[in-house]
Amino acid sequence: MSRQGDNLPTFRALQLDFAAHIRDPDRQPRPADVDPRRMRVYVELFYNNVEKLLASAFPVARSILAGERWYGLVRAFLQRHGSSTPYFLEISQEFLTFLAEDEALEVPPFLLELCHYEWVELALGVAEEEIPEHGIDPDGDLAAGIPVLSPLMRRLAYRYPVHRIGPGFQPETPPEQPTQLVVYRRRDDAVHFMEVGTLTMALLERLEPGKVCGAEVLARLADEVQGMEADAVRRQGLAALTRLRNAQIVLGTRSEPEK
């Protein structure tokens, strides 16, 4: 009787050959001692499971590429990308890495940004962070109090207007102005987005530490913004704070900084 593990090198080689054929059945030979019909089942199951997962994560990208272009991209992902995670649910993140790093891909110039935007929506939808409820006044004075940002929001900036891209709108070149978005999840767990201007984006950036009152944040912002009167910055900034609270991006205010 052979000792346990004596055949490990041979079994490991079989595993590698098996995985290589599943990933690239057109160019990697089928292991000789595996029945062809069974091998086809494994190949199809593997590909179909990954394709369905990516299609659910990137539905707009799939609708744009459609048919053979999409299936070819998924096949290239399986053939050429070495994933760094064993978790099936993290494949969408690996797909983003593949799009960013594989220079041989022939895809629309906006595809990476579009897929990142779709991935953020997906990630927020399953994020485990909880919206804090204690110590926050949802109707507090946004100027006198310390505005509290939702942990379930992300500030995003893209060259392309990713929120408008679809089968009927596929820009070949980016517009002059970048697209700035806030993607967020509300208390009912629905994920939304808001297109914002430079002032609102700067305001959100300065609110993130959660240490000072809204009036102080607006005063600092008024000193930094070029080409606008300080009173106009404060007025527009306060209006933006109200809009952000109505959307549940700003949850309310605290009277003291969170420790």
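Helices (H or I, at least four residues) and strands (E, at least two) are DSSP runs, numbered from the N terminus. By this reading, the predicted model of the protein contains nine helices and five strands, which follow one another along the sequence in the pattern α-α-α-α-α-α-β-β-β-β-α-α-α-β. Residues are numbered from 1 along each chain as its sequence is written. Because the model is predicted, local features need pLDDT of at least 70 and side-chain atom pairs count only at pLDDT 80 or more, while totals for chains, interfaces and linings use all residues, and side-chain values use heavy atoms, with hydrogens and water left out.

The C-alpha atoms of the protein fill a box of roughly 80 × 50 × 30 Å along the principal axes. Of the 259 residues, 41% count as buried, that is, under 20% relative accessible area with a 1.4 Å probe and protein chains only.

Helix α2 (residues 36-57) packs with helix α4 (residues 67-80) at an angle of about 115°, their axes lying 10 Å apart; axes are lines fitted to C-alpha atoms, for helices over the stretch in contact, and angles run from 0 to 180 degrees between N-to-C directions. That angle makes α2 roughly perpendicular to α4, a class that covers 65 to 115 degrees. In this contact (heavy atoms within 4.5 Å), F46, Y47, V50, E51, L54 and A55 of α2 meet W70, Y71, V74, R75, F77 and L78 of α4. The residues of the contact comprise ten nonpolar, no polar and two charged, where Ala, Val, Leu, Ile, Met, Phe, Trp, Tyr, Cys and Pro count as nonpolar, Asp, Glu, Lys and Arg as charged, and the others, Gly among them, as polar.

Technical notes:
Parallel < 35°, antiparallel > 145°, perpendicular 65-115°, else oblique. Buried < 20%, exposed > 50% of the residue type's maximum accessible area, 1.4 Å probe, protein only.
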